[in-house]
Each structure stands twice: as structure tokens, then as C-alpha cells.
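Please keep the sequence and the structure in view while reading.

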Amino acid sequence: MLIDKLKPIVARYDEISNLLTSESVLADIKQLTQLSKEQSDIESIVQSAKAYFSVLEHIAQNKALLEDKELGELAKEELKELDSKKAALEEEIKLLLVPKDPNDSKNIYLEIRAGTGGDEAGIFVGDLFKAYCRYADLQKWKVEIMSSSENSVGGYKEIIALIKGHGAYSKLKYEGGTHRVQRVPETESQGRIHTSAITVAIMPEVDDVQIDINPNDLKVDVFRSGGHGGQSVNTTDSAVRITHIPTGISVSMQDEKSQHKNKDKALKILKARLYEAELEAQNAQNKQARKTQVGSGDRSERIRTYNYPQNRLTDHRIGLTLYSLEEIMLGGLLDEFINPLIASAQSQAIGGIE
């Protein structure tokens with residue numbers, strides 16, 4: 001029962017309150033900080049829990065008065081209001097009990113790659129990246145291109161960017177997967193609709209504490225940067241490829257003229273990819289966790305279809321279709337998909353709390 005989940009949390013909150021007044025804790029800054037944070041993290045739940053306990057007590061009192069000739073009708077009316085409060089508090093508390101994603105407040109690495117569809121896929125990589133950039137601008141986030149590989153028609157084979165801003169991961173974490181686009185390419189003289197696909201990966205930025213890499217597990221290769229058609233971009237071996245030998249995960253970086261800067265960027269992206277792989281492995285082992293996920297972030301999972309002729313965008317995970325593709329690609333209406341995805345994930349998570 002819900003009340004059985006709440007009592008230990010309230011008891012822990014009261015216990016921490018007592019500990020925070022003890023001389024031993026006040027003299028230990030580290031312990032004081034840890035306990036203060038723990039108390040802050042559960043404060044909202046405790047406040048709602050105490051309100052819930054109060055409502056339950058008043059419900060019990062009014063039920064006891066139902067047979068009273070003078071107070072029975074008044075108690076019956078109050079019970080209707082109390083039952084409504086009880087239901088609202090239960091939904092609020094269930095949402096508060098959903099485990100917080102520790103990555104939600106982090107910056108992210110956005111990685112978009114062209115898939116099937118040739119040049120048209122590469123062009124859509126650029127189009128979707130622009131949409132995310134416009135959305136980031138509206139959120140007052142900063143976008144820094146880490147690496148890009150252009151194709152010959154103005155698109156990208158791959159682009160990786162660091163998006164900095166509070167809540168970037170919480171907002172964009174469900175964007176990972178395969179995005180399919182249907183439209184008539186500019187080069188198509190017959191007006192036939194072409195279908196292509198690109199993949200998106202959303203990886204939280206990680207620090208050295210979360211991912212500890214043994215230098216002996218890394219293979220570092222340096223080479224000369226190359227541009228379109230094989231021409232040389234730099235005359236020195238400034239490009240860097242770092243391979244994590246145990247997993248085979250590899251990152252190449254050549255955008256900077258400095259080998260040191262390329263290596264530093266490559267290592268940061270490698271850490272993010274290793275962390276992403278670790279999260280996927282944990283999710284695969286935790287069946288309940290996968291049940292509460294709207295999308296796994298797996299690039300093989302087709303999550304959206306962008307149909308330009310009909311100005312239609314469909315998210316296949318939640319069955320949502322909007323006929324405002326042009327506006328969405330301008331970034332302003334992207335929340336029309338992001339918010340329902342978040343709500344759906346929360347609803348599924350709440351369903352697991354009795």
C-alpha cells in the first residue's frame with residue numbers, strides 16, 4: 001500500500017532533522033552536506049505524505065459520524081471533498097515516488113548520422129540538426145559542434161554536438177532512435193517521394209568519476225585530416241582516432257588543428273559512448289526499467305516519420321500525429337512531442353507504484 005511506502009520516508013526525514021542538530025554532525029561538514037541534501041531530496045514527498053495522512057485521518061473521522069443523526073449529512077458532504085483530495089494527493093505522491101533520472105540535469109552529446117537513403121539522408125541530418133539548434137536556442141542552451149563530416153551536397157554524413165543547458169538530457173533523452181523522412185528530393189525530376197532514414201543518439205555528458213578508463217585499454221592513432229574528395233585539410237597529423245579496446249568503441253576527431261584538442265574532444269565523446277553502452281546494458285538486465293521507458297534510445301528503433309508532402313509528423317511510440325511539420329522543424333513546436341513523451345514515461349512509471 002501507498003501508506004506503507006510513505007511511513008519510512010517520513011520517519012527518515014524526522015531522523016535526519018534530529019541528526020542535523022547533533023554536535024557530531026554539525027562538526028562534520030561532509031556528513032552535514034550529505035544529510036542536508038538527502039533531506040532536501042525527500043522534502044516534497046514528506047510534505048505531500050503528511051497532507052495525505054491528515055486527509056486519511058479526517059476521512060476516518062467523518063466515516064465514524066455517518067450514522068449520527070445531526071452530523072451524518074455534513075460528514076457525507078465532507079467525505080466527497082476529502083475523497084477528491086485523497087485521489088489527487090495519491091497521484092501527486094506516485095509521481096514524486098518515481099525514481100529521478102540522475103542524468104536529467106546534465107548536458108548532452110547529440111549525435112546524428114545518415115542512414116539509408118544516400119544524399120537525401122545526409123541532407124535531413126542537417127535539417128534535423130538545425131531544428132534541434134533552434135529548439136536549444138529557445139531553451140537558452142548553448143550548442144557547440146564537436147565534430148562533423150559533410151557530404152558533397154550540403155548535408156552531413158555525421159554531426160556531433162555538445163548541448164549545454166540545465167535539463168538538456170531530461171528534455172531530449174527520448175529523441176534517440178531512427179528518424180524516417182518521406183519527401184521529394186530536389187534532384188527528383190519525376191516528383192517521386194523518397195524515403196530515407198537517419199539515426200539520433202542522445203548521450204549525457206559524463207565526468208571522470210562516472211567513467212574511469214584505463215589508459216592501457218586505449219589505442220590512439222593519429223593521421224592527417226582529410227576533406228571532400230580526399231584533399232588535405234591540414235599538413236600535419238592532427239586528426240586523432242581513439243579506440244577502446246575492450247568494447248571496440250571508436251571515436252575519430254579532426255575538426256581542430258591541434259592534435260591535443262582533437263584528442264581531448266575524442267576522449268570526452270568516447271566516455272559518453274561508454275556510459276551510454278553501460279546504461280543500455282543495465283536497462284537490458286532490468287526488465288522493469290525497460291517497461292517504464294518510452295524509448296530505449298536504441299538507434300534501430302524507428303521512433304518518428306516525417307512526411308513532408310502531407311506536412312505530417314508521427315511519433316510511433318505514443319501514436320501521436322501532428323500536421324504541423326514545417327513549424328516543428330523550426331524548433332518552436334518540438335515541445336508538442338517532447339512533453340507528451342515525458343508525460344507518457346511518467347504515467348508508465350506511476351503505473352508500477354501501488
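Among contacts in the chain between residues at least 6 apart in sequence, what percentage join residues at least 24 apart? The value is 60%, where contact means heavy atoms within 4.5 Å.

This is a predicted model, in which local features need pLDDT of at least 70 and side-chain atom pairs count only at pLDDT 80 or more, while totals for chains, interfaces and linings use all residues. Residues are numbered from 1 along each chain as its sequence is written, and side-chain values use heavy atoms, with hydrogens and water left out.

**The chain as a whole**

The secondary structure comes to 10 helices and 11 strands; helices (H or I, at least four residues) and strands (E, at least two) are DSSP runs, numbered from the N terminus. Of the 354 residues of the chain, 39% count as buried, with buried meaning under 20% relative accessible area, exposed over 50%, and partly exposed in between (1.4 Å probe, protein chains only).

**Helix packing**

Two packed helices are described by the angle between their axes and the distance between the axes. Axes are lines fitted to C-alpha atoms, for helices over the stretch in contact, and angles run from 0 to 180 degrees between N-to-C directions.

| Helix pair | Axis distance | Crossing angle |
|---|---|---|
| H1 (residues 2-19) and H3 (residues 29-64) | within 8 Å | roughly 130° |
| H3 and H4 (residues 72-97) | within 9 Å | roughly 155° |
| H1 and H4 | 12 Å | about 60° |

With axes that cross at roughly 130°, H1 is oblique to H3; angles under 35 degrees count as roughly parallel, over 145 as roughly antiparallel, 65 to 115 as roughly perpendicular and the rest as oblique. The crossing of H1 and H3 is left-handed, a term used if the near helix is turned anticlockwise from the far one by less than a right angle, and right-handed if clockwise. The residues of this contact divide into 16 nonpolar, two polar and six charged, where Ala, Val, Leu, Ile, Met, Phe, Trp, Tyr, Cys and Pro count as nonpolar, Asp, Glu, Lys and Arg as charged, and the others, Gly among them, as polar. On the H1 side the contact includes Leu2, Leu6, Ile9 and Tyr13, and on the H3 side the residues include Ile42, Val46, Phe53 and Leu56.

The axes of H3 and H4 cross at roughly 155°, which makes H3 roughly antiparallel to H4. H3 passes H4 in a left-handed crossing, and their contact has 14 nonpolar, four polar and seven charged residues.

For H1 and H4, the angle of about 60° makes H1 oblique to H4, and this crossing is also left-handed. Leu2, Lys5, Leu6 and Ile9 of H1 make the contact with Glu90, Ile93 and Leu97 of H4, a set that divides into five nonpolar, no polar and two charged residues.

**Strands**

Two strands pair if DSSP finds at least two bridges between them. Strand S2 (residues 142-150) and strand S3 (residues 156-164) run antiparallel and are joined by eight bridges, with Glu144 opposite Leu162 in S3. Five residues lie between the strands of this hairpin, in which Gly154 takes a positive phi near 90°.

An open sheet of three strands has the order S6-S7-S8, with antiparallel pairing. Strand S6 (218-223) and strand S8 (249-253) stand at its edges, each with a single partner strand, so one side of each is left without a neighbour in the sheet. The twist averages 15° from one strand to the next. Strand S7 (residues 239-244) pairs with S8 over five bridges, and the bridge partner of His244 is Ile249 in S8.

Lys265, in helix H7 (residues 259-285), is buried, with a relative accessible area of 10%. Not counting residues up to four places away in sequence, Lys265 touches Glu144, Ile145, Met146, Met253 and Glu256.

Met329 is found in the loop between helix H9 (325-328) and helix H10 (335-351), and is buried at a relative accessible area of 8%. Met329 and Arg134 are 195 residues apart in sequence and 8.6 Å apart in space, C-alpha to C-alpha. Leaving aside neighbours within four places in sequence, the contacts of Met329 include Phe124, Leu128, Arg134 and Tyr308.

Val206, in the loop between strand S5 (194-204) and S6, is buried with a relative accessible area of 15%. Its C-alpha atom is separated by 9.7 Å from that of Leu274, 68 residues apart along the chain.
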